[in-house]
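Here are my notes for you, one topic per point. Keep the picture open while you read.

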Amino acid sequence: MATTTNYVTDPNADCVATFPSKNVVLLTLNRPKARNAIGGTMGQDLQRNLMEASKDANVAAVIVTGNPAGKAFCAGADLNPATSGFAGSKNNKSAKAKTVPTLASYRDGGGYTSLAAINCTKPIICAVNGAAVGWGMAFPLACDIRIGNENAKVGFPMAARGLVNESCSSYLLPRIVGPGVAKELVFTGRVFRARDSPPGLFNYVLPEDQVMPKALELANEIAATTSTMSVAMCKFLMDSSWESGTPEQAMLEESKCLYWVNYERTDDVKEGISSFLQKRPAEWKHDAWDDLPDFLPFKPKVDVREGRKRRLKSKM
């Protein structure tokens, strides 16, 4: 089974990996002086930690939260004119003297973080423990389960800053809350309390002091009860069904996965049934990285990096 020690664990890093329980990794957005705004190396650190979690046989679930000292989950993009890369900033102007991106080469950095979450083989629980706007709400959409602090101010104010959808939110938000509600939230740039969120935006909306305990409860429940290989395959199945178009296509994709667990990697099915009949905890054998079939994901991934081939052959 795959194991890894390449997490970003430096307590001064912009996204720090810690291990609050045996099979759970906690990724903390760690720029408290900037209200945990995305910037510095946060995006790169987050992507690296998510990839490590995918390959780590000891991890069954991931939690992402913000450093409480920042008084926010994430205040969105760093809008400081001295440090941001937006039009009018010093970084944007200085870039003109070096390398200026083109329409063909420019990439949204936040999009890479959302793709990393979507492609992660482990379920990701986003504990939105404080204010979350812009990227701070767009990234959680790419996570599997969202828990919100009821008093946190949240929203998608991109258009109110002259910006547009980011971090794959134009794809994710309409699918989570419906197209009409998604357009209302984006077109108005409205910021609202999490307790007033539309259905689907959060799985749970709780008092601030209950957000992390609930996230840990869910992560530990996943780790204690389910096969990591099965959960990874279920995650790919449900994500794929958003785009498959028909129940017949979903049936065919489920059939491939059922074949895999019944005829190729069979130990977890045998153990799951035996442990159920014997009324004992299961001891899972398979890995959510090494033992996944090559036919996952069902649709070839597009390599969005500049200058790369359009399709990726590997499962990640």
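**Notes on the model**

1. Strands count as paired if DSSP finds at least two bridges between them. In general, the strands of a sheet pair through backbone hydrogen bonds, either parallel or antiparallel.

2. Before going on, a word on where this comes from. The model is predicted, so local features need pLDDT of at least 70 and side-chain atom pairs count only at pLDDT 80 or more, while totals for chains, interfaces and linings use all residues. Residues are numbered from 1 along each chain as its sequence is written, and side-chain values use heavy atoms, with hydrogens and water left out.

3. Now widen the view to the sheet. It is open, with four strands in the order β4-β6-β8-β9 and mixed pairing. At its edges are β4 (72-74) and β9 (191-193), each of which pairs on one side only. From one strand to the next, the twist averages 30 degrees (axes are lines fitted to C-alpha atoms, for helices over the stretch in contact, and angles run from 0 to 180 degrees between N-to-C directions).

4. Is strand β3 (residues 61-66) mostly covered or mostly open? It is mostly covered, as six of its six residues are buried (under 20% relative accessible area; exposed is over 50%, and partly exposed lies in between, with a 1.4 Å probe and protein chains only). A61, I63 and T65 point one way from β3, while V62, V64 and G66 point the other way.

5. β3 has a parallel neighbour: six bridges join it to strand β2 (residues 24-29). Here V24 stands opposite A61.

6. For contrast, look at helix α10 (residues 267-278), where L277 sits. L277 counts as exposed because its relative accessibility is 64%. Together with I273 and F276, L277 makes a nonpolar surface patch of about 380 Å².

7. Finally, the whole protein. It has ten helices and twelve strands (DSSP runs numbered from the N terminus: helices are H or I with at least four residues, strands E with at least two). Of its 316 residues, 47% count as buried.

Definitions and conventions
Patches are made of residues with over 30% relative accessible area and no salt bridge: like charges are joined within 9 Å, nonpolar side chains (Val, Leu, Ile, Met, Phe, Trp, Tyr) within 5 Å. Accessible areas come from the Shrake-Rupley method with a 1.4 Å probe; for residues, only the protein chains shown count as cover. A salt bridge is a side-chain nitrogen of Lys or Arg within 4 Å of a carboxyl oxygen of Asp or Glu.
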